[in-house]
Amino acid sequence: MEINTQRMIDEFFYLVSMDSITFHEEKVAEYLKKQLLSLGFEVTEDHAQDHYNGTANNLYGYLKGTIPGTPILFSSHMDTVEPGVHKKAVIHEDGTITSDGTTILGADDISGIVAILEALRIIKETQTEHRDIEVLFTIAEEAYLKGSEVFDFSMIKAKDAYVLDLSGAIGEAAITAPSLISFQVDFYGKESHAGFAPESGIHAIKMAADAITKIKVGHVDSESTVNIGTILGGTATNIVPKQCGFQGEIRSFDHRLALENEKKIKEICEQSASAFGGCMEFQSIIHLYAYETAENSTVVRYFREATKKVGIEMKLVPTFGGSDNNNFMRHGINGIVLACGMHNAHSCKEYTTRNDLEKCASIVKELMICEG
């Protein structure tokens with residue numbers, strides 16, 4: 001039985017119409033719970049919303065298989081970025097699906113969700129033999145993976161995972177992703193009147209500016225990038241500012257290099273503060289840990305076989321973005337991130353296509369029925 005493309009599109013439109021910005025995913029979660037139960041899954045909700053005062057929990061489902069083999073995990077996230085309230089999908093004559101232009105579309109990550117659901121429905125309707133199947137629909141992925149960060153991974157039986165959460169052509173899969181460290185630096189000087197006693201002040205903005213000019217940004221080595229994204233300081237044009245701070249991030253495919261770059265930035269800021277007679281505070285948070293999935297791993301082999309069966313070229317790629325797979329890998333689950341029909345994500349120009357949705361569901365179905 002072929003993928004029911006129209007059913008997928010109808011469900012995509014329905015889910016897109018639900019507001020599900022980060023920490024407000026309750027409508028999508030309620031719908032998905034009903035669908036999984038109707039498909040014969042054992043369904044469990046955790047208590048993720050209690051950690052963040054949100055409105056929904058991570059949703060886990062388990063479906064007993066009918067053929068021998070190790071369990072296999074599929075995952076997509078339920079939240080969207082903003083502007084994501086009152087989304088309205090529009091399908092064009094060429095099969096392209098966009099928003100009405102006033103919001104994001106939500107293909108990130110509704111396209112992944114509908115591909116998983118459609119594959120499951122086809123398997124059930126055709127009574128096709130399949131392995132044990134697990135699904136995990138997470139909250140707050142867009143907020144540095146906060147949903148999967150608090151999930152109890154002892155529930156997961158699978159050692160292989162397919163995370164549907166990547167932009168690009170169907171058939172692409174990310175096997176490498178970076179560490180991501182965000183940092184904030186606050187410089188403290190001494191306030192004085194800029195007209196009457198400028199020499200009595202210690203200029204915090206000058207400290208910050210000195211540090212920024214010395215911090216290398218962009219591609220700082222073959223594996224890493226650094227960016228300074230915001231700066232804030234001062235109170236008035238006639239006051240020597242006593243405080244100034246800036247925020248930035250470090251990404252690297254090598255976690256060791258990410259930490260080394262963090263150390264360099266901190267040392268530069270300390271030197272700048274000292275040179276002007278002030279002081280500074282440096283804070284950082286590790287949001288993502290880098291990983292690399294081996295090309296000869298079973299999770300890649302099954303994906304290669306599935307794409308071949310549906311006549312799509314497989315391409316393994318790196319990604320400089322994070323996904324729940326970063327947390328899966330930390331917990332011993334070998335995963336890859338599949339392109340699932342999202343383009344121009346995190347913008348009002350986001351789109352998917354009828355063909356992308358159909359092809360993605362076809363690959364997922366083949367993965368579910370392969371013998372592990």
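Helix α7 (residues 255-275) lies across β9, β12, β14 and β15, running at about 165° to β15. The strands it crosses belong to an open sheet of five, ordered β11-β12-β14-β9-β15 with antiparallel pairing. This is a predicted model, in which local features need pLDDT of at least 70 and side-chain atom pairs count only at pLDDT 80 or more, while totals for chains, interfaces and linings use all residues. Residues are numbered from 1 along each chain as its sequence is written, and side-chain values use heavy atoms, with hydrogens and water left out.

**Terms for helices, strands and angles**

- Helices (H or I, at least four residues) and strands (E, at least two) are DSSP runs, numbered from the N terminus.
- Two strands pair if DSSP finds at least two bridges between them, and contact means heavy atoms within 4.5 Å.
- Axes are lines fitted to C-alpha atoms, for helices over the stretch in contact, and angles run from 0 to 180 degrees between N-to-C directions.

- Strand β9 (residues 179-188) is joined to β15 by nine bridges in the antiparallel sense.
- Within that pairing, V185 stands opposite F282 in β15, and S182 stands opposite I285 in β15.
- β9 also pairs with β14 in the antiparallel sense, over 10 bridges, and here F183 faces G248 in β14.
- Eight of the 10 residues of β9 are buried (under 20% relative accessible area, where exposed is over 50% and partly exposed lies in between; 1.4 Å probe, protein chains only).
- Helix α6 (residues 204-214) lies across β9, β12 (224-233), β14 (243-252) and β15, and runs at about 20° to β14.

**The three-stranded sheet**

- An open sheet with the order β4-β5-β19 is made of three strands with antiparallel pairing.
- Its edge strands are β4 (89-91) and β19 (351-353), each pairing on one side only.
- From one strand to the next, the twist averages 25°.
- β4 and strand β5 (residues 96-99) pair in the antiparallel sense over three bridges, with A89 opposite S99 in β5.
- Helix α1 (residues 5-16) packs on this sheet and touches β4, β5 and β19; the direction of α1 makes about 150° with that of β4.
- α10 lies across β4, β5 and β19, at about 65° to β19.

**Pockets**

- On a 1 Å grid over the protein atoms alone, a pocket is an open set of points with protein on both sides within 12 Å along at least five of seven lines, whereas a cavity is a set of points where a 1.4 Å probe fits but cannot get out; lining residues have an atom within 4 Å of a point.
- Grid points are joined across faces, edges and corners, and a volume is the space filled by probe spheres set on the points.
- The largest pocket holds about 430 Å³ of space.
- Its lining has 23 residues, of which E141, E142, G321, G322 and H346 lie nearest its centre.
- β7 (160-167) and β18 are the elements that give two or more residues to this lining, and the largest share, three residues, comes from β7.
- By class, the lining of the largest pocket has 10 nonpolar (Ala, Val, Leu, Ile, Met, Phe, Trp, Tyr, Cys and Pro), five charged (Asp, Glu, Lys and Arg) and eight polar residues (the others, Gly among them).
- The second largest pocket holds about 200 Å³ and is lined by 16 residues, of which L232, G233, Q243, C244 and G245 lie nearest its centre.
- The elements giving two or more residues to the lining of the second largest pocket are β9, β12 and β14, and β14 gives the most, with five residues.
- That lining comprises five nonpolar, eight polar and three charged residues.

**Cavity**

- The largest cavity is lined by I170, G171, E172, F303, L338, A339, C360 and I363.
- β18 (334-342) and α10 (354-369) are the elements that give two or more residues to the lining of the largest cavity.
- Six residues of that lining are nonpolar, one is polar and one is charged.

**Residue S38**

- S38 lies in helix α2 (residues 26-38) and is partly exposed, with a relative accessible area of 42%.
- The C-alpha atoms of S38 and R121 are separated by 9.8 Å, although the two residues are 83 apart along the chain.
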